[in-house]
Amino acid sequence: MGHVELRPLDDDDLDAVFEMMRDRDAVAKEAFTADDPDDRAAFDAWIARERAADDVTLLVVTENGGFAGTAAAFTVGEDREVSFWIARHAWGRGVATEALRLLVSREPIRPLFARVAAHNAAAIAVLQRNGFAEIASDSAYAPGVGREVEELIYALPPVLDGV
């Protein structure tokens with residue numbers, strides 16, 4: 001693994017993010033994706049909404065200064081959730097684990113939650129290495145695979161002072 005950092009998303013990153021989120025293998029792993037990953041207008045509208053939202057932190061993951069993915073924190077209902085998407089060229093080298101560690105260190109709210117397709121073993125391992133534990137599961141339609149998929153819900157609990 002190279003040097004991993006998080007930085008704010010710039011307009012210059014949008015093409016790389018769009019291409020990353022169209023990768024068919026990644027879409028199948030993530031499962032809960034855009035209805036049509038190739039629809040650039042839908043992507044542009046979605047990313048504009050995310051960037052404008054007060055409760056969304058949308059960051060670029062870099063490895064040795066180059067684009068390696070995205071990491072985000074956002075609010076769903078009353079829960080704070082985190083998410084990460086790593087570009088294929090950065091898979092398997094600890095980039096996701098380090099990116100999530102950096103994101104969690106910036107987020108003061110606990111518990112933090114994350115959702116992951118049950119078949120995405122790599123993402124589950126990243127969550128577990130960062131202290132997240134499975135707390136529930138559900139089934140939902142996943143556009144990335146075109147069928148119902150089991151979704152696991154993970155939580156990072158508050159840390160007790162002095163323990």
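Colleague: How many bridges join strand 3 to strand 4, and which way do the two strands run?

Modeller: Start with the general idea. Strands of a sheet pair through backbone hydrogen bonds, either parallel or antiparallel. Two strands pair if DSSP finds at least two bridges between them. Helices (H or I, at least four residues) and strands (E, at least two) are DSSP runs, numbered from the N terminus. Here, strand 3 (residues 66-76) and strand 4 (residues 79-86) run antiparallel and are joined by eight bridges. Thr75 stands opposite Arg80 in strand 4.

Colleague: What should I know about the model and its numbering?

Modeller: This is a predicted model, in which local features need pLDDT of at least 70, side-chain atom pairs count only at pLDDT 80 or more, and totals for chains, interfaces and linings use all residues. Residues are numbered from 1 along each chain as its sequence is written, and side-chain values use heavy atoms, with hydrogens and water left out.

Colleague: How does strand 2 pair with strand 1 and strand 3?

Modeller: Strand 1 and strand 2 run antiparallel, joined by five bridges. Val4 stands opposite Glu63 in strand 2. Strand 2 and strand 3 also pair in the antiparallel sense, over seven bridges. The bridge partner of Leu59 is Ala71 in strand 3.

Colleague: How many residues of strand 2 are buried?

Modeller: First the cut-offs: buried means under 20% relative accessible area, exposed over 50%, partly exposed in between (1.4 Å probe, protein chains only). In strand 2, six of the seven residues are buried.

Colleague: Now the rings. How many aromatic pairs are there?

Modeller: Rings of Phe, Tyr and Trp (its six-membered ring) pair if their centres lie within 6.5 Å; planes under 30 degrees apart count as stacked, over 60 as edge-to-face and the rest as tilted. By this rule there are two aromatic pairs. Phe18 and Phe43 have ring centres 5.2 Å apart and planes at 55°, so this pair is tilted. The pair links distant parts of the chain: Phe18 is in helix 1 (residues 14-20) and Phe43 in helix 3 (residues 40-52), 25 residues apart. Phe43 and Trp46 form a tilted pair, 6.0 Å centre to centre with 45° between the planes. Both lie in helix 3, three residues apart, about one turn of the helix. Ring pairs link Phe18, Phe43 and Trp46 into a cluster.

Colleague: Which charged side chains lie over rings?

Modeller: A charge sits over a ring if NZ of Lys or CZ of Arg is within 6 Å of the ring centre and within 35 degrees of the ring normal. The charged end of Lys29 sits over the ring of Trp91, 4.3 Å from its centre. Arg40 lies over the face of Phe18, at 4.8 Å from the ring centre.

Colleague: Where should I look for backbone details in the loops?

Modeller: Take Ala31, in the loop between helix 2 (24-30) and helix 3. Ala31 has a positive phi of about 70° although it is not a glycine. At 0% relative accessibility, Ala31 counts as buried. Asn64 takes a positive phi near 50° in the hairpin of strand 2 and strand 3, which has two residues between the strands. Asn64 is exposed, with a relative accessible area of 59%. Finally, the peptide bond from Arg110 to Pro111 is cis, with omega near 0°. Pro111 is in the loop between helix 4 and strand 5.
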